[in-house]
Amino acid sequence: MRRGRRWIDRWDPEDEEFWAQTGERVARRNLAASVFSEHIGFSIWSLWSVMVLFMGPEYGVDPAKKFFLVAMPTVVGGVLRVPYTFAVARFGGRNWTVFSALLLLVPTTAAAIVMTPGTSYGTFLVVAALAGVGGGNFASSMTNINSFYPLRKKGWALGLNAGGGNIGVPVIQLLGLLVISTAGAAQPRIVLAVYIPLIVAAAVLAALSMDNLGPVTNDTGAAVDAAKQPHTWVMSLLYIGTFGSFIGYSFAFGLVLQIQFARTPLQAASLTFIGPLLGSLIRPVGGRLADRFGGARITLGNFVAMGAATGVVIYASAMRSLPVFLIGFIALFVLTGIGNGSTYKMIPGIFQAQAVRHGLVGEEAAAYGRRLSGAAMGLIGAVGALGGLGINLAFRQAFAATGSGTPAFVAFLVCYAVCGAVTWAVYLRPVARARAATEAETAEGARRPVYAEV
């Protein structure tokens with residue numbers, strides 16, 4: 001048994017009596033603090049998508065270099081998601097949330113120091129890379145909340161946690177718009193000054209409101225086992241298509257508007273936040289729909305819709321039609337949000353079904369599912385985030401070669417087609433559906449239900 005009043009040594013959310021009497025209240029309290037901390041983390045992760053709007057000609061950074069600059073936090077955040085996932089079990093969800101929140105002070109303070117004309121591009125790259133710690137927060141937060149909630153409620157809880165975090169992207173972009181429109185494009189430090197006290201507030205709230213779960217023990221073998229599962233890598237591909245698109249588009253949207261449609265920093269900032277905001281708000285809905293209709297069904301339909309929206313964007317990009325481009329691009333953001341919620345709902349269900357396939361029932365099946373799904377979330381989240389790097393590099397290459405983002409959008413359309421085909425082939429074709437039904441029937445009669453639906 002672990003010592004300390006912030007440690008909970010018995011946690012059994014699948015027990016409906018425990019959940020009703022104690023579990024739900026505690027889980028909601030931890031979820032609220034987790035959402036706020038992750039929200040601030042996402043804001044700092046996307047900080048440089050705002051800072052580049054302040055970087056006028058006097059900074060000496062051309063558009064190609066700006067795309068690479070906003071890509072740096074993406075790659076660092078993606079890599080950090082793996083160790084952040086296992087930090088929850090090593091240090092406790094509450095303890096790690098406090099530490100990871102305070103760590104956000106480093107990239108924020110560093111940015112305040114270097115945001116001035118005359119700073120070398122290499123220095124900007126290093127400081128932008130530091131903002132990647134905000135991306136790591138997502139993995140530890142999702143792994144932690146995954147442990148608090150029963151399988152039947154994970155889609156909504158994980159969607160709410162992630163959606164509240166994702167809103168950090170448009171919020172900092174809105175703040176950037178406010179600063180540019182009032183103080184001017186020469187005052188980026190105002191944005192940073194606002195976030196320093198918010199970071200401290202997130203750490204204090206986590207310290208006062210969150211708990212560590214004793215049953216969530218450090219299990220490095222879970223990472224190895226999750227990495228051996230083909231489903232981990234299938235879901236990583238699907239998450240590249242959904243979250244990779246969301247974060248990549250969020251970071252690149254303002255630059256695309258400036259370069260392809262000749263928008264000023266103020267004009268770009270006035271539009272940049274809309275897509276990420278809608279995509280963030282809709283993510284819990286994607287999780288709720290997946291809870292009701294199955295994550296695979298929602299994910300497949302979503303990729304089909306993303307392909308259609310991308311077709312609209314390709315047409316608008318080729319015709320240089322800003323109104324049509326905005327309609328298609330904002331629709332893409334909304335669809336990435338739905339897909340983010342539905343794909344993350346699939347993960348616990350997949351590994352619960354794996355438990356049934358191995359002959360486990362009841363609490364043994366639930367424990368197996370929690371163990372592998374928690375580990376897989378870190379790997380899947382890391383690979384998905386790296387999809388954002390791919391999007392920014394594709395834009396960089398497309399603009400450098402043709403002066404237009406159209407070739408990049410064609411590549412994205414191909415990616416969505418592949419993701420849709422994989423979703424159907426692995427989780428929805430008749431053979432896969434029949435296997436899931438058999439596993440669900442095998443689970444009948446257990447003390448607690450095993451949900452094989454993904």
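Tutor: In this predicted model, helix 3 meets helix 6 through K65, F68, L69, M72, P73 and V76 on the one side and Y121, F124, L125, A128 and A129 on the other.

Student: What makes these two sets of residues a contact?

Tutor: Contact requires heavy atoms within 4.5 Å. The residues listed for helix 3 and helix 6 meet in that sense.

Student: Why are helix 3 and helix 6 called roughly parallel?

Tutor: Two packed helices are described by the angle between their axes and the distance between the axes. For helix 3 and helix 6, the axes come within 8 Å and cross at roughly 30 degrees. Angles under 35 degrees count as roughly parallel, and helix 3 and helix 6 are therefore put in that class. Helix 3 passes helix 6 in a right-handed crossing.

Student: Why is the pair of W11 and F148 called edge-to-face?

Tutor: The ring centres of W11 and F148 are 5.3 Å apart and the planes stand at 70 degrees. Planes over 60 degrees apart count as edge-to-face, so that is the name for this pair. W11 is in the loop between strand 1 (7-8) and helix 1 (16-45), while F148 is in helix 7 (residues 133-148).

Student: What makes W11 and F148 buried?

Tutor: Buried means under 20% relative accessible area. W11 has 9% and F148 has 0%, so W11 is buried and F148 is buried.

Student: What makes W48 and F124 an edge-to-face pair?

Tutor: W48 and F124 lie 6.0 Å apart, centre to centre, with 65 degrees between the planes. The distance limit is 6.5 Å and the angle must be over 60 degrees, so the pair is edge-to-face. W48 is in helix 2 (residues 47-51) and F124 is in helix 6 (residues 121-130), 76 residues apart. At 0% relative accessibility, W48 counts as buried; F124 is also at 0% and counts as buried.

Student: Where is Y59, and which residues does Y59 touch?

Tutor: Y59 is in the loop between helix 2 and helix 3 (63-91). Leaving out residues up to four places away in sequence, Y59 touches F54, M115, T116, P117, F124 and P188. Between the C-alpha atoms of Y59 and G118, 59 residues apart along the chain, the separation is 6.3 Å. Y59 has a relative accessible area of 8%, so Y59 is buried.

Student: How do you know that Q173 is buried?

Tutor: The value for Q173 is 3% relative accessibility. The limit for buried is under 20%, so Q173 counts as buried. Q173 lies in helix 9 (residues 168-182). Its contacts, not counting residues up to four places away in sequence, are S49, V50, S250, T272, F273 and P276.

Student: What makes R283 sit over the ring of Y344?

Tutor: CZ of Arg has to be within 6 Å of the ring centre and within 35 degrees of the ring normal. The charged end of R283 sits over the ring of Y344, 5.5 Å from its centre. R90 lies over the face of F91, at 5.2 Å from the ring centre.

Student: Why is the phi of A262 pointed out?

Tutor: Most residues other than glycine have a negative phi. Phi of A262 is near 55 degrees, a positive value. A262 is found in the loop between helix 12 (230-260) and helix 13 (265-272). Exposed means over 50%, and A262 at 58% relative accessibility therefore counts as exposed.

Student: Why is R320 called partly exposed?

Tutor: R320 is at 42% relative accessibility. R320 is in the loop between helix 15 (295-319) and helix 16, and its phi is near 55 degrees, a positive value in a residue other than glycine.

Note on methods: Residues numbered from 1 in each chain as written. Predicted model: local features only at pLDDT ≥ 70, side-chain atom pairs only at ≥ 80, totals over all residues. Heavy atoms only, no water. Phe/Tyr/Trp six-rings, centres within 6.5 Å; stacked < 30°, edge-to-face > 60°. Helix = DSSP H or I, 4+ residues; strand = E, 2+ residues; numbered from the N terminus. Buried < 20%, exposed > 50% of the residue type's maximum accessible area, 1.4 Å probe, protein only. Axes fitted to C-alpha atoms, helices over the stretch in contact; angles between N-to-C directions. Parallel < 35°, antiparallel > 145°, perpendicular 65-115°, else oblique. Left-handed = near helix turned anticlockwise from the far one by under 90°.
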